[in-house]
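Below is a set of questions and answers about one structure. Each answer sets a value against the rule behind a term.

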Amino acid sequence: MVEMDGGVGGGGGGGQTPAPRRWRLADERCDLRAMETDYVRRFHRHEPREHQCSSAVAKHIKAPVHLVWSLVRRFDQPQLFKPFVSRCEMKGNIEIGSVREVNVKSGLPATRSTERLELLDDNEHILSVRFVGGDHRLQNYSSILTVHPEVIDGRPGTLVIESFVVDVPDGNTKDETCYFVEALLKCNLKSLAEVSERQVVKDQTEPLDR
């Protein structure tokens with residue numbers, strides 16, 4: 001776990017210092033590079049209330065940005081890389097305000113989720129989603145996912161950061177809630193990396209058409 005300054009302070013006043021924002025990296029690294037900190041401050045602004053928690057995870061993927069983003073931006077097909085999604089239905093085109101109905105695989109404490117696309121920026125590579133219904137306990141859940149180019153082992157790579165804010169359910173602590181959501185996001189990003197990197201290998205090994 002990495003703790004980072006810059007969390008949003010509560011309404012207590014009296015010159016209290018805001019609590020550090022919790023940061024856990026999917027790669028289990030202990031250092032947070034300056035560039036990653038800058039991305040979080042620029043693109044991942046949440047204002048959690050007293051009964052909410054907020055955190056973020058990140059993943060370095062050995063695949064170029066355009067490939068990773070082509071998977072992430074498919075709001076209508078989250079099952080392309082999200083292992084817990086069994087089915088998704090969305091009417092119309094992918095645009096801000098679009099709503100998808102997601103069915104969740106058995107084994108999780110939910111069966112369905114209704115989700116609205118809040119932001120899709122193909123230039124800055126930003127995707128924001130809000131949960132607006134479902135039988136899960138993630139009330140007022142909102143996430144921001146950003147995709148950034150980098151170089152890994154001398155080849156084009158991608159840094160993916162996903163942050164969230166969500167209500168803390170009755171009977172749970174903020175730590176418990178963050179841990180649960182982070183675990184789901186880490187699985188999603190791990191799967192995104194595997195799918196993206198398999199496609200890179202496929203593109204490198206497929207023969208050229210003659």
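Q: Which residue in E8 does Ile126 stand opposite?
A: In this predicted model, Ile126 stands opposite Thr146 in E8. Another such pair is Val129, which stands opposite Ser143 in E8.

Q: What makes E7 and E8 a pair of strands?
A: Two strands pair if there are at least two bridges between them. Strand E7 (residues 126-134) and strand E8 (residues 142-152) are joined by 5 bridges and run antiparallel, so they count as paired.

Q: How do you know that E6 and E7 pair?
A: The rule again asks for at least two bridges. Asp121 has Ile126 in E7 as its bridge partner. The two strands form a hairpin with 4 residues between them, and His125 in the turn has a positive phi of about 60°.

Q: Why are E3 and E4 said to stand at the edges of the sheet?
A: The open sheet has 7 strands in the order E3-E9-E8-E7-E6-E5-E4, with antiparallel pairing. Strand E3 (52-61) and strand E4 (85-90) each have a single partner strand, so one side of each is left without a neighbour in the sheet. From one strand to the next, the twist averages 25°.

Q: Why is Ser163 called buried?
A: Buried means under 20% relative accessible area. Ser163 has 2% relative accessibility, so Ser163 counts as buried. Ser163 is placed in strand E9 (residues 155-167). Leaving aside neighbours within four places in sequence, its contacts include His44, Ser55, Ala56 and Ile144.

Q: What makes the link between the side chains of Ser163 and His46 a polar contact?
A: For a polar contact, the N or O atoms must be within 3.5 Å. The side chains of Ser163 and His46 make such a contact at 2.9 Å, which is inside the cut-off.

Q: How do you know that Cys53 is in no disulfide?
A: The count of disulfides comes to 0. The nearest cysteine sulfur to that of Cys53 belongs to Cys178 and is 3.3 Å away. A disulfide needs cysteine sulfur atoms within 2.5 Å, so Cys53 is in none.

Q: Are Cys53 and Cys88 buried or exposed?
A: The limit for buried is under 20%. Cys53, at 5% relative accessibility, counts as buried. Cys88, at 13%, also counts as buried.

Q: Why are the buried residues of H1 said to line one face of the helix?
A: In helix H1 (residues 34-43), the buried residues are Glu36, Thr37, Tyr39, Val40 and Phe43. Seen down the axis of H1, they fall within an arc of 160°, so they line one face. An α-helix has 3.6 residues a turn, so residues three or four places apart point the same way. The face of H1 turned away from the buried side carries the exposed residues Ala34 and Met35.

Q: What makes H2 a mostly covered helix?
A: In H2, 6 of its 8 residues are buried. These are Val65, Leu67, Val68, Trp69, Leu71 and Val72. Helix H2 (residues 65-72) lies across E3, strand E6 (112-121), E7, E8 and E9, and runs at about 160° to E8.

Conventions: Residues are numbered from 1 along each chain as its sequence is written. This is a predicted model: local features need pLDDT of at least 70, side-chain atom pairs count only at pLDDT 80 or more; totals for chains, interfaces and linings use all residues. Side-chain values use heavy atoms; hydrogens and water are left out. Buried means under 20% relative accessible area, exposed over 50%, partly exposed in between (1.4 Å probe, protein chains only). A polar contact is a pair of N or O atoms within 3.5 Å; within protein, one must be able to donate a hydrogen and the other to accept it, and residues adjacent in sequence count only if both atoms are side-chain atoms. Contact means heavy atoms within 4.5 Å. Axes are lines fitted to C-alpha atoms, for helices over the stretch in contact, and angles run from 0 to 180 degrees between N-to-C directions. The arc is that of the directions from the helix axis to the C-beta atoms.
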